[in-house]
Each structure stands twice: as structure tokens, then as C-alpha cells.
Amino acid sequence: MRWYIPYGNPTYFIWLALAIIPLMIGLLYGHRFRGYQTIISLFFLILTFGGPNWKTGISLIGYLIYQLILVWLYSAYRQKKDTPNKGWIFVTAVVLAIVPLVIVKLTPLFTPGRQSIVGFMGISYITFKVVQTIMETRDGMIKEFHPVLFGQFLLFFPTISSGPIDRYRRFEADYAKVPEQSAYLDMIQKGVRYVFQGFVYKFVLAYYFGSVLMPQIQMRALMAHGFSWNIVAYMYAYSMDLFFDFAGYSLFAVGISYLMGIKTPMNFNQPFKSKNIKDFWNRWHMTLSFWFRDYIFMRLVFFCMKHHIFKSRTTTANVCYVINMLIMGFWHGETWYYITYGLYHGFAMVINDTWLRFKKKHQDHIPHNKFTEAFAIFLTFNVVCFSFLIFSGFLNTLFFAPKPF
């Protein structure tokens, strides 16, 4: 059987069209064929995790069973009458939820060149869904556990490999109802537009920057044997390739979700128009950014304030910014450039907040007009592109890796 990377092959889109048309017809006439949706979900999961990569499919099944049991046990504990909401049980559940992901991330560090036996494409994003469900169950926002619906949520095939990261309660609300015909027609219009926009982003623009332009620039930079303007050119080309490739994938995922009657949240909102670094993270990979904000940063801030670890709220926020982004850096990988990327953005957030406080106190003396806004966008764009240069690992290849010639 052939193996497909989601949205990576034209044949994959043909399968998609054939599979979801019956589902769309049903939605147009007020019916969500949940059994059929389950069947096509299994079909696309087999296309992704079957064939030569059947071992990852076995890993996915084992992982799913493990997480279903874990969340079910924690939910049963929380739903007992007069149950004490013990912190150590909650922490244990979260730790157990992320153990498979930690194993996957640390395996290459201790055994270079080998992948973890529990790894599969999309394990990070599924783990984020599990952790947020546990946290919201602890907070009392999720009252009941439905294993089949939770499995549908975790394995929703349009988003399984790289997000966007949906929220359980939002997904549950969409899955439980059928949109009005007029509303669904609007969803179809948006979904088709997102899919075509994704084609332009991923197969035209990302292809040009990533497959045509970048190799030429990379070769010239390596031939220069050190600092050169080619590094700057690579920085911009890589940034464009990263954006259009990932934004294109995300548009495919959101577009297909809309055609299936599920309003998966958008992942990008014109991030290169950001006026500061915080604005950037409110526009770039938004579902991941908001996940880190809600489930790591805000909880770190609350913990520090509750235990009076720092006297100043500003210090608390600054420390939590750095820790939050450092964790994001480690999540990408245990290399110096990913960790530096995380620290870079953490300290950028600190500097940004310091500037905004200073600007607020001296707003009568600091001009604010179209020119300053344009300069802020220009500055933010270059700050972000430089971080992507670090993230790319090209500086490691250029200055530290053995030269290929």
C-alpha cells in the first residue's frame, strides 16, 4: 500500500475530494454522517500511517489507547462527588501524558540517527490536545469524558500531522451539531478559498523560495566561507519559505475542516504585518502560540504570584516569558539553535514589554504616526527573520559543521 504525506501529493487531494463529497452532501441536507466520517478518517489515517510506515501506525494505536485510558482515569477521579482536587494527581496525569513525547524528543539526543519506537508524525500536536483536556478537566470546564468523541478529536485527520491545535470543547460543539444550510454554504465558500490559497502558498511560493532560490543562495554562502551578504539573502528566503510552506499546509487543514463542517481555528493572520513581537505571536502559528500562552505562561504566572516567588509582577511576567519561550525552543529540538531561538524570543518579549511601558509613560514625547507604525513593522519583520535564520540551523552548517568541499 502506498504511503501519503498529508497534502504533499496531488493524488492525496483526489482521495480527499472523493471521500468528503458524500459528507458535504449530507451536511447540506442537515445530516452529519458520523459513521461515514469515522470510516474516511480511518482511511486517511491508514494512508498516512500505513504502507512502509506501518510501525508508526502501531505506535499511534498504542499511544491512543494509552492516552484514552489516562484521560478516562483522571476524568473519573475529577467527576467523583466531593473529590479533593489534589495537585499531585493532576501533575502526575500531565507528566504521564507528555512522557511519550519526551521519549520521542530525547531519543535522538542519546542515540543519534535513531527515532523513538513510540514516535509518529503529529505526536506533538496530539499530546498538546491531551494535556489541554486534562487541564480543563481539572479546572471543571470539561464535565464528562466521551472516549469515542475524544478519539475523534485527537485523530481528526485534516489536522493530525501539524495542527492547527483545536480545543476539545470547541470541537465537541461543532461535531455535535449540523450547521444551518446557509452557514454551511458560507463554510464551503471559505473552505474552497482556503484550499486554493494553500495551493498558491505551498506549491508556488514555498516551492520558489525553498526549492529554487534557497539552494542557490545556500551554495553561494557556503562558498564564501564566512560572513557575507548571502547569509542575509538566505535569512529572507528561508523566512518566506517557512511561512508559505506552513501557512499553506494550515490553509489546507482549515479548508478541509470547513468542508467537513468543523471550524478549525486559523493558524496565521498576516504575521509579517506585526507591529511588535507580541503582536507577531498573536498572528504566527496562533494555535500553538495561544496553547503555550494559556497552558504554560499563564499557569506559570499564576503559580509564581500565588507563592510570591517574585515581588514584582513585571519580574514575574518577564521570567515567565523567558521560560515559556525556552520550553518552546526545547520542544522544537535539543540543539543550540532551537534553544537559542527560544531564548531570543523570550528576551524579545521582555524588551518589547519594557518599551511599551516606557512608551506609555512618555507618550507625550514619543511620536505615533504612519511613519512610526511602518518602522515598527519593518523592525519587527527583521527581528523575526533573524530569529528564523537562527532557527534554520544554517549558521550551524556554515560555521560549525564539516565543510562539504
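Helices in this account are DSSP runs of at least four residues, numbered from the N terminus, and by that numbering glycine 393 is found in the loop between H14 and helix H15, which covers 394-399. The structure is a predicted model, and its chain contains 15 helices and zero strands. With a radius of gyration of 23 Å, close to the 22 Å that the globule rule gives for 405 residues, the chain is as compact as a globular protein of that length.

**The chain as a whole**

- Along its principal axes, the C-alpha trace of the chain spans about 55 × 55 × 50 Å, and 48% of the 405 residues count as buried.
- Among the contacts in the chain with a separation of 6 or more, 73% are accounted for by residues 24 or more positions apart.
- The accessible surface of the chain comes to about 20800 Å², and carbon and sulfur atoms account for 68% of that surface.
- The chain carries 37 positive and 17 negative side chains, while the centres of these two sets lie 4 Å apart.

**Helix H6 and its surroundings**

- Helix H6, which runs over residues 147-154, is mostly covered, since six of its eight residues are buried.
- The buried residues of H6 are Leu149, Phe150, Gly151, Gln152, Phe153 and Leu154, and the helices against which the buried residues of H6 pack are H2 (34-49), H3 (54-79), H5 (123-138) and H7 (168-176).

**An aromatic pair between H13 and H14**

- A search of the whole structure finds 64 aromatic pairs; in the pair of tyrosine 344 and phenylalanine 386, the ring centres are 5.9 Å apart and the planes stand at 50 degrees, so this pair is tilted.
- Because tyrosine 344 lies in helix H13 (residues 336-361) and phenylalanine 386 in helix H14 (residues 370-392), the pair ties together parts that are 42 residues apart in sequence.
- Tyrosine 344 has a relative accessibility of 23% and therefore counts as partly exposed, and phenylalanine 386, at 36% relative accessibility, also counts as partly exposed.

- Glycine 393, in the loop between H14 and helix H15, has a relative accessibility of 8%, and because buried means under 20%, glycine 393 counts as buried.
- Although glycine 393 and threonine 335 are 58 residues apart in sequence, the distance between them in space is 8.9 Å, C-alpha to C-alpha.

Notes
Residues numbered from 1 in each chain as written. Predicted model: local features only at pLDDT ≥ 70, side-chain atom pairs only at ≥ 80, totals over all residues. Heavy atoms only, no water. Helix = DSSP H or I, 4+ residues; strand = E, 2+ residues; numbered from the N terminus. Rg over C-alpha atoms; globule rule 2.2 N^0.38 Å. Buried < 20%, exposed > 50% of the residue type's maximum accessible area, 1.4 Å probe, protein only. Contact = heavy atoms within 4.5 Å. Areas by Shrake-Rupley, 256 points an atom, 1.4 Å probe, with all protein chains shown as cover. Lys, Arg positive; Asp, Glu negative; His and termini not counted. Charge placed at Lys NZ, Arg CZ, Asp CG, Glu CD. Phe/Tyr/Trp six-rings, centres within 6.5 Å; stacked < 30°, edge-to-face > 60°.
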